[in-house]
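Trainee: I would like to learn how to read the packing in a protein model. Could you take me through one, feature by feature?

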Amino acid sequence: MYGILCATPEELAALQGRLGVTSRPATYGPTQVWIGEHHGQAFALALAGMGKVNAAAAATLLLAVFHADVLIFAGVAGGLNPALGVGSVLLAERLDIHDYGHVFEGAFTPTRSGEMPIGAPRLTALTPVAPKVAADLARLRDAVAAKLGHPIALGGVITADYFLNCAVTRDQLHAAFAADAIDMESGAVDQVALAWGRPLYVIRTLSDLAGAESHLSYLEMAQMAADNSALCVPALLAILADSG
């Protein structure tokens, strides 16, 4: 069973279209889940809602109730890397949360999420995904590159519980962590997946460039970005079925 997650109605609509979902959802607290099958592969598609808490809850639900063997998060993100424009698809080969840590004398120090912050080393680089996940994502990049009207690349995604609308912070995050995109969910789902010993595949398309105009770009480009990410999901399912 594949557990597929998204955060917003735009992301859900794009995934339902690509996966042919027509069933009615089951509701579990804040999470809605649709059951389906794509070319003989069973999946549960969850609309988690935005933010780390919603994402972690939905991921746990897919693992505990639907017994998902693999988690996939497909959606949109804000761009941090100036080399990547709106519409670019980013496959996460590195992941982390950056707004977890400790505050001392007015200064915040990010540390690895889920660990005791006191005495923990400063978070300075995103954590690589498992080698098989990275290899499957490289195959996905090669499989869908010709089908997209935008670039697709492997890179780093950093997670925080805010929508980034600030060029100064964008540039700081890119410089500090070599992060290419920022979102509000992936790092939390990654923490849950690691705790359960399940692989996670993150597909994010840039809806905005996380600067002063990002709130306008997001509203205009969210559906396009969601469609780009959703396009990649059936191809990823085929790769996972082939690789066992």
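Mentor: Gladly, and let's begin with a term: contact means heavy atoms within 4.5 Å. Helices (H or I, at least four residues) and strands (E, at least two) are DSSP runs, numbered from the N terminus. What you see is a predicted model, where local features need pLDDT of at least 70, side-chain atom pairs count only at pLDDT 80 or more, and totals for chains, interfaces and linings use all residues. Residues are numbered from 1 along each chain as its sequence is written, and side-chain values use heavy atoms, with hydrogens and water left out.

Trainee: Thanks. Which strands do the buried residues of helix 4 pack against?

Mentor: They pack against strand 5 (70-79), strand 6 (89-97), strand 8, strand 10 (152-159) and strand 11 (181-183). Buried means under 20% relative accessible area, exposed over 50%, and partly exposed in between (1.4 Å probe, protein chains only).

Trainee: Which residues of helix 4 are buried?

Mentor: In helix 4, residues 167-177, the buried ones are Arg-170, Leu-173 and Phe-177. They lie on the same side of helix 4 because they cover an arc of only 70 degrees around the axis. That arc is taken from the directions from the helix axis to the C-beta atoms. Val-168, Gln-172 and Ala-175 are exposed on the other side of helix 4.

Trainee: What comes just after helix 4?

Mentor: Ala-178, with a positive phi of about 55 degrees. Then look at Ala-179, in the loop between helix 4 and strand 11. Ala-179 counts as buried because its relative accessible area is 0%. Not counting residues up to four places away in sequence, Ala-179 touches Leu-80, Asn-81, Leu-126, Gly-156, Ile-158, Leu-173 and His-174.

Trainee: Now helix pairs, please. How are they described?

Mentor: Two packed helices are described by the angle between their axes and the distance between the axes. Here, the axes of helix 1 (residues 9-19) and helix 6 (residues 214-243) come within 8 Å and cross at roughly 35 degrees. The axes are lines fitted to C-alpha atoms, for helices over the stretch in contact, and angles run from 0 to 180 degrees between N-to-C directions.

Trainee: Is that crossing left-handed or right-handed?

Mentor: Helix 1 and helix 6 make a right-handed crossing. The near helix is turned from the far one by less than a right angle, clockwise for right-handed and anticlockwise for left-handed. Among the residues in the contact are Ala-14 and Leu-15 of helix 1 and Ala-222, Ala-226 and Leu-237 of helix 6. By type, the residues of this contact divide into eleven nonpolar, one polar and four charged. Ala, Val, Leu, Ile, Met, Phe, Trp, Tyr, Cys and Pro count as nonpolar, Asp, Glu, Lys and Arg as charged, and the others, Gly among them, as polar.

Trainee: And how should I read a core?

Mentor: In soluble globular proteins, nonpolar side chains tend to be buried together. A nonpolar core is a set of buried Ala, Val, Leu, Ile, Met, Phe, Trp, Tyr and Cys residues joined through side-chain atoms within 4.5 Å. The largest one here has 70 residues, and Leu-62, Leu-71, Ile-72, Leu-140 and Ile-203 have the most contacts inside it. Helix 6 gives the most to this core, with 13 residues. A second, separate core has eleven residues, including Leu-80, Leu-123, Ala-160 and Ile-182.

Trainee: Which residues does Ile-72 contact?

Mentor: Leaving aside neighbours within four places in sequence, the partners of Ile-72 include Ile-4, Leu-5, Ile-203, Leu-237 and Leu-240.

Trainee: Could we finish with a residue in strand 5?

Mentor: Take Val-76, which lies in strand 5 and counts as buried at 10% relative accessibility. Beyond four places in sequence, the contacts of Val-76 include Glu-11, Tyr-218, Ala-222 and Ala-226. Val-76 and Thr-8 are 68 residues apart along the chain, with their C-alpha atoms separated by 9.1 Å.
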